[in-house]
Amino acid sequence: MLNAIVIDDEQYAREELIELLHETKQVQVIQQAENAIEGLQLINKYKPDIIFLDIQMPQITGIEMLSMLNTDTMPKVVFSTAYDQYAVKAFEENAFDYLLKPVDPARLQKTVERLVKSTQQPNYDVITLTHLEHVPCIGHNRILIIATKDIEFAHSGLSGVYINTGQQEATSQLTLKILEEKTPMIRCHRQYLVNLKAIKEIQLLDNGLAEIMTNSGQTLPVSRRYLKRLKQNLGIL
Amino acid sequence: MELIPSLLQQMCVYLVFAYLLSKTPIFMPLLNISSRWEHKFSCYLIFSIFCIMGSYFGLQYEDAIANTRAIGAVMGGLFGGPIVGLAVGMTGGIHRYFMGGFTDVACAISTSVEGLIGGLLHVYLLRKNKINYLFKPQVIFLITLFAELTQMAIILVVAEPYQQAYDLVTTVAIPMILANTIGAVLFMSIIEDRKSIYEKYSTTFSQRALRIADRSVGILNQGLNTESAQTIVRIIHEETNVGAIAITDTKNILAFIGIGEQHHHANVPISSSIQQAIDENRIIDLNTTADTYQCKVNRRCRLGTAIILPLRNGDNKVVGTIKLYEARRKLLSNINVSMAEGIAQLLSSQILLGHYQQQQTLLTQAELKLLHAQVNPHFLFNALTTISAVTRREPEKARILIQHLSQFFRKNLKQNIESVSLREELSHVNAYLTIEQARLTNRLRVSVDIDPALMDIKLPTFTLQPLIENAIKHGISTMLSAGKLEIYSHKTTEGTRIVVTDNAGTFVKNKEESTGLGLKIVDKRLVNHFNERSSLQITTTKNKLTQVSFLLPTTATTNTLTTNKEN
């Protein structure tokens, strides 16, 4: 039995797919999400084998969400769309699994069988984005979509990754690794990424360490290991 | 032989007379060959005069007259055809007959025959499609020579006694042949000159008009505005060389070019005389002694005369004016005044054409949009997905949804007519909303509150539906939290506004994509259907609210109310 999460912004579409998957008796839907942000949370939490992912969703599209997942912990993805010729073409070309809505049970059966048999993990890099325009975050009881250019720095802490804009801080489901790869932020410390444009000054300390003062006046540690690269990036070496 | 110089002398006087006449409009009909009876009649009249003149200018010679009558007769025939030729000949002939002498009958007959000869050549050349040969000197020379020889032969045959006739002919034949042939050729060359001057004149005139027309094509497609007006005045100024030109709409001067540019500015209100031309819808000529132009901006302005011509659209409504100025002490020449009338006419028709084309484009765009909506794949597949899911759980609801879907598509297909009642538009919207509500479930809440008294007002087809589709597609469906769509009517002093709001607040102005185009079309059609004040008003508070509204003018409201009462 494969564990799956269904991510679709339309309630009826989710229910229908869950029902049809239930009938296949080979997939168990453990969770469902009505948007990509929720989806991201659930994926990180439940680590499903498969996700059924709608393309058109509010704020963060399915493709964007996929771009926010670490490749090493990536579940298998079955895309679904009601009408998106462009996306369908990409799926066809890369032999990714996809479903057209309304879902044909016979087609779903085939897809599921393939998923059960296959051991290989497809590489979704061809369709994912190399740059994230915005980062979804969860603040106090609300969801924030923060534009990448507004972020001063990001750091990992006890309960996850924090995104800091200078005015506010919110937790994100994205790992530092993804943020480093897909945003212009660079690493200055094992637990810190910094937006070069947010650096106000760098204070060099003894024994090869340093501290960054951001535009909003917050200080970030710079470790010996990353100082050289930071200087290179700033063009001061 | 002493007759030759005297007769040639007479011929010269005759030709001077012809030359003078050629300066008058009487000669105009002779410049073209035409089969219209007015033309024939004036040919007859003119050449009969010349024919009779020929007799008077003749020289008395032994009870006969050596004359240049043949010129009139032959030319009459050449220009007017055999009937006119014969008529001219007979008129000249009968006149000659009453002058008496032993050759009276012979001359009467011969003159008629000469007219006929000219006419026959006219017919011959016409048939051969070589009517231009009529103006060739050689042809004139030969035909007149032939006519004169015939005349001499007729005199010999008809005139009694034969001996006297024979003597006469031997004496007058050479002088008359010479005088008449040379005279006819010279007469024709006078006409020819006149003709070429006239042609040159009208060619430059029409070339100029054509150049203006050619260069101004399409400029007014977008209507009369500062930009198009400036281009037009520049073209006209370059082509006509009048002192200065201004184009105005009904309120402001849109463009000015020429003398006095320094103090005649665009975008200032129009003068009282232009206002008068607009109000009275007529040409105002500030070129008369009683009414001259005086620049009100600058006392020392060199402009002294002006003519104002209204520009009209299709309903003969004045939409603006064109004003041509000329410097003081330089009257607008006639060409320019009639040219101005032509230009005003030209611009008016271009404005009309532009207006018409705009309407046509709007209609086409609306049709395209309609076509697009008829097969809007996103909507259809989304709806089908929803219905497919609903079927399992709530078959009854699914049935209702399918009915709404079919109703929506049926209305789409039917709505190729220009306008619908608000009631119909709302029912179309309702079908659409029912499906979208099912699809988005708790993410879309809708409230509709429209004054029932407005239901019969006609508005352009596809006015409300695109606004609502836009609010959902680009607004509410992109929201993570619950969306709220409100449709309501709101009374104002000008009429009633129909308002559509969503709480997404994601509307971006001037976005160059299909939605922007969709709203643009709705806007244009509203303005066309009602008036300028009914244009779409859009306000956005980012991430909070987008409000789109348009005005149903009081006129539309009251009209419907009265028809309701009558019903």
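**Helix packing, chain contact and local backbone features**

In this predicted model, helix H6 of chain B buries B:Ile140, B:Ile143, B:Thr144, B:Ala147, B:Glu148, B:Gln151, B:Met152, B:Ile154 and B:Ile155. These buried residues pack against three helices of chain B, namely H3 (69-80), H5 (104-127) and H7 (162-216). H6(B) itself covers residues 137-158, 22 residues in total. From its first C-alpha to its last, H6(B) reaches 31 Å, close to the 32 Å expected at 1.5 Å a residue.

Two of the helices that H6(B) packs against, H3(B) and H5(B), also pack against each other, at an angle of about 35 degrees and with their axes 6 Å apart. Their crossing is right-handed. On the H3(B) side, the residues that meet H5(B) are B:Arg69, B:Ala70, B:Ala73, B:Val74, B:Met75, B:Gly76, B:Gly77 and B:Leu78. Their counterparts in H5(B) are B:Thr111, B:Glu114, B:Gly115, B:Leu116, B:Ile117, B:Gly118, B:Gly119, B:Leu121 and B:His122. Sorted by class, this contact has eight nonpolar, seven polar and two charged residues.

Among contacts in chain B between residues at least 6 apart in sequence, 68% join residues at least 24 apart.

One of the strands of chain B, E4 (residues 253-258), holds B:Leu254. B:Leu254 has 23 other C-beta atoms within 10 Å and is therefore buried, the cut-off being 20 or more. Leaving aside residues up to four places away in sequence, B:Leu254 touches B:Leu224, B:Asn225, B:Thr226, B:Ala229, B:Ile247, B:Thr248, B:Asp249 and B:Ala266. B:Val233 lies 21 residues from B:Leu254 in sequence, and the two are 9.8 Å apart in space, C-alpha to C-alpha.

Turning to the meeting of the two chains, 15 residues of chain A are in contact with 18 residues of chain B. Helix H1 (residues 11-24) of chain A gives the most to the chain A side of this contact, with six residues. That side divides into seven nonpolar, three polar and five charged residues.

Chain A also contains an open sheet of three strands in the order E13-E14-E15, with antiparallel pairing. Strands E13 (199-204) and E15 (219-222) are the edge strands, each pairing on one side only. Neighbouring strands of this sheet are turned by 25 degrees against each other on average, direction ignored. E13(A) and E14(A), the latter spanning residues 210-214, pair over five bridges. Within E14(A), A:Met213 stands opposite A:Glu201.

Most residues other than glycine have a negative phi, and most peptide bonds are trans. The peptide bond from A:Lys101 to A:Pro102, however, is cis, with omega near -5 degrees. A:Pro102 sits in the loop between strand E5 (97-100) and helix H5 (105-117) of chain A.

Positive phi values are found in A:Lys25, near 60 degrees, and in B:Asn281, about 50 degrees. A:Lys25 belongs to the loop between H1 and strand E2 (27-33) of chain A. B:Asn281 is placed in the loop between helix H9 (272-280) and strand E5 (284-286) of chain B. A:Lys25 is exposed, with 9 other C-beta atoms within 10 Å. B:Asn281 likewise counts as exposed, because it has 11 C-beta neighbours inside 10 Å.

Notes. Residues are numbered from 1 along each chain as its sequence is written. Chains are lettered from A and ligands numbered from 1 in the order in which they are written. This is a predicted model: local features need pLDDT of at least 70, side-chain atom pairs count only at pLDDT 80 or more; totals for chains, interfaces and linings use all residues. Helices (H or I, at least four residues) and strands (E, at least two) are DSSP runs, numbered from the N terminus. The expected span of a helix is 1.5 Å times one less than its number of residues. A residue is buried if 20 or more other C-beta atoms lie within 10 Å of its own, exposed if 12 or fewer, and partly exposed in between; C-beta atoms are placed from the backbone. Two residues are in contact if their C-beta atoms, placed from the backbone, lie within 7 Å. Ala, Val, Leu, Ile, Met, Phe, Trp, Tyr, Cys and Pro count as nonpolar, Asp, Glu, Lys and Arg as charged, and the others, Gly among them, as polar. Two strands pair if DSSP finds at least two bridges between them. Axes are lines fitted to C-alpha atoms, for helices over the stretch in contact, and angles run from 0 to 180 degrees between N-to-C directions. A crossing is left-handed if the near helix is turned anticlockwise from the far one by less than a right angle, and right-handed if clockwise.
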